[in-house]
Amino acid sequence: MTEKELNEKIKELEKRIEQLEKSVSYIQEDIYEFVEDDECNGNCSGCNGCNQ
């Protein structure tokens with residue numbers, strides 16, 4: 001693989017990482033909103049209750 005090909009591959013990977021970071025951020029926001037809206041009252045396994 002030439003240096004040019006390696007640089008192109010690195011750029012592609014950097015773009016993919018950026019996309020994945022955005023996706024993870026959206027997933028984290030969704031989880032946070034779900035947990036905030038959930039009224040489990042401590043019935044979830046491993047949960048100390050949502051009213052902390």
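Reply: Accessible areas here come from the Shrake-Rupley method with a 1.4 Å probe. This is a predicted model, and the protein exposes about 5,100 Å². Carbon and sulfur atoms supply 49% of that area.

Me: What makes the contact between Glu-18 and Lys-22 a salt bridge?

Reply: The cut-off is a Lys or Arg side-chain nitrogen within 4 Å of an Asp or Glu carboxyl oxygen. For Glu-18 and Lys-22 the N to O distance is 3.8 Å, so the pair qualifies. A search of the whole structure finds 1 salt bridge.

Me: Why are Glu-18 and Lys-22 about one helical turn apart?

Reply: Because they sit 4 residues apart in helix H1. The protein has 1 helix and 0 strands, and helix H1 covers residues 3–37.

Me: Why is Glu-18 called partly exposed?

Reply: Its relative accessible area is 45%. Buried is under 20% and exposed is over 50%, so Glu-18 falls in between. Lys-22 also has 45%, so it gets the label partly exposed too.

Me: Which residues make the nonpolar surface patch?

Reply: Ile-27, Ile-31, Phe-34 and Val-35, over about 410 Å². Ile-27 lies in helix H1.

Terms used. Residues numbered from 1 in each chain as written. Predicted model: local features only at pLDDT ≥ 70, side-chain atom pairs only at ≥ 80, totals over all residues. Heavy atoms only, no water. Helix = DSSP H or I, 4+ residues; strand = E, 2+ residues; numbered from the N terminus. Patch = residues over 30% accessible without salt bridge, like charges linked within 9 Å, V, L, I, M, F, W, Y side chains within 5 Å. Buried < 20%, exposed > 50% of the residue type's maximum accessible area, 1.4 Å probe, protein only.
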